[in-house]
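Have the sequence and the fold open while you read.

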Amino acid sequence: MINVFQPSLGERELAAVRAVFESCWIGKGSRVAAFEAAFAAHIGAAPEQVMSTNSCTEATFLAMQLLGIGPGDEVVLPTVSFVGTANAIAAHGARPVFCDVDPRTLNPGVEHVAAALTPATKAVLVLHYGGYPGQVAQIAELCRSRGIKLIEDAANAQASTVDGQACGTFGDIGVWSFDHGKIAVAVDGGMLFARNAELVEHGRKLAYFGLEQTSGYDQSMRAHTRWWDFEVSSFSRRSVLNDVLAAIGHVQLDRLAEFVARRREIVDAYDKALEAVPGVLVPPALPPGHDSSCYLYWVQLDPNLRDGVARRLHERGIYTTFRYPQLHKVRAYGAGDLSLPGAGHAGAATLCLPLHQALTDDEVDFVSTSLIEVLPG
């Protein structure tokens with residue numbers, strides 16, 4: 001089966017894990033700190049503005065706590081989003097308010113976000129669909145003008161930028177994923193950036209039980225006579241990364257540029273093979289100054305044909321999918337009978353093709369040729 005997602009792991013990652021094992025310290029330690037510092041440099045942030053977590057979803061939950069989002073608040077987010085974002089909002093007693101998206105880019109425009117704002121809106125949470133930045137700069141300006149916090153779900157956007165600025169750093173908080181299905185992976189794990197470094201300092205305590213003193217193993221604690229004593233500043237859970245995963249993630253981050261370069265070659269090959277095929281729409285061209293991580297590659301077909309095409313491709317050993325199903329249709333979120341036509345069209349017409357750096361040229365050709373061959377007529 002040709003997979004939609006597939007990590008690229010090898011000897012460098014194994015050597016990094018071996019070094020952690022040989023150190024006899026596999027918990028949160030120096031490798032986590034090094035990974036955080038490297039990621040901060042990657043997005044052009046100061047080290048004190050970045051912290052790691054055990055998943056991007058946990059980073060999103062932390063973002064809600066750090067921004068004080070709770071009962072009575074509303075958070076606007078595109079309906080084409082990952083379920084973890086809506087869960088984070090609802091779990092804190094706030095109301096997810098779903099906005100529409102552009103039917104071609106699957107990102108919300110500033111007009112979609114503006115239409116969903118109310119006096120109860122505390123924050124906006126945007127996704128960079130497939131790594132495409134979208135109108136994040138304009139949405140950030142809208143939020144600043146209204147005194148609303150902006151959270152960026154940059155899980156798809158590990159290397160995406162607008163005019164050289166990293167996606168995830170336009171708002172108040174950005175979160176990234178390093179799970180098994182992303183471009184650079186740490187097996188699992190997440191990162192959180194905050195414009196206000198004090199939020200990260202608070203977040204580090206929230207991520208480890210609210211402990212004021214975290215470990216007697218820490219060099220800074222050796223001056224204390226009773227280093228095992230502690231105080232608790234919040235009733236929090238454990239959300240930290242460990243050195244094993246951080247070591248893998250650090251190597252993968254070093255390889256990210258090479259991964260994205262290969263993915264761009266694959267995107268170009270898909271575009272050339274499919275852009276002139278009747279009945280197939282390829283992703284729209286990026287605006288000037290926008291760079292994408294190329295996390296997803298999607299085509300759009302007649303909605304009456306999409307599901308059948310997916311089945312026939314699967315029969316040929318090609319896995320396809322649609323990310324992400326519309327959240328306003330999930331009963332648990334209580335959105336009711338909401339009409340979001342752009343998202344409705346995208347949800348019915350869009351099919352994500354395999355896109356990962358391990359794809360060979362022959363596999364890319366097989367996918368595009370197969371898609372053309374299974375189309376009716």
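The lining of the largest cavity has six nonpolar, four polar and no charged residues. Here Ala, Val, Leu, Ile, Met, Phe, Trp, Tyr, Cys and Pro count as nonpolar, Asp, Glu, Lys and Arg as charged, and the others, Gly among them, as polar. Keep in mind that the model is predicted: local features need pLDDT of at least 70, side-chain atom pairs count only at pLDDT 80 or more, and totals for chains, interfaces and linings use all residues. Numbering runs from 1 along each chain as its sequence is written, and side-chain values use heavy atoms, with hydrogens and water left out.

The lining includes Asn107, Pro108, Val126, Leu127 and His128, along with Pro133, Gly134, Gln135, Val136 and Ile139.

Now for the second largest pocket. Of its 23 lining residues, Phe82, Ser177, Asp179, Lys182 and Arg323 lie nearest the centre. Both α3 (56–66) and α4 (83–91) supply at least two lining residues, and α3 gives the most, with three.

| Space | Volume | Lining by class |
|---|---|---|
| Largest cavity | about 50 Å³ | six nonpolar, four polar, no charged residues |
| Second largest pocket | about 290 Å³ | seven nonpolar, eleven polar, five charged residues |

As for terms, on a 1 Å grid over the protein atoms alone, a cavity is a set of points where a 1.4 Å probe fits but cannot get out, a pocket is an open set with protein on both sides within 12 Å along at least five of seven lines, and lining residues have an atom within 4 Å of a point. Points are joined across faces, edges and corners, and a volume is the space filled by probe spheres set on them.

Note on methods: Helix = DSSP H or I, 4+ residues; strand = E, 2+ residues; numbered from the N terminus.
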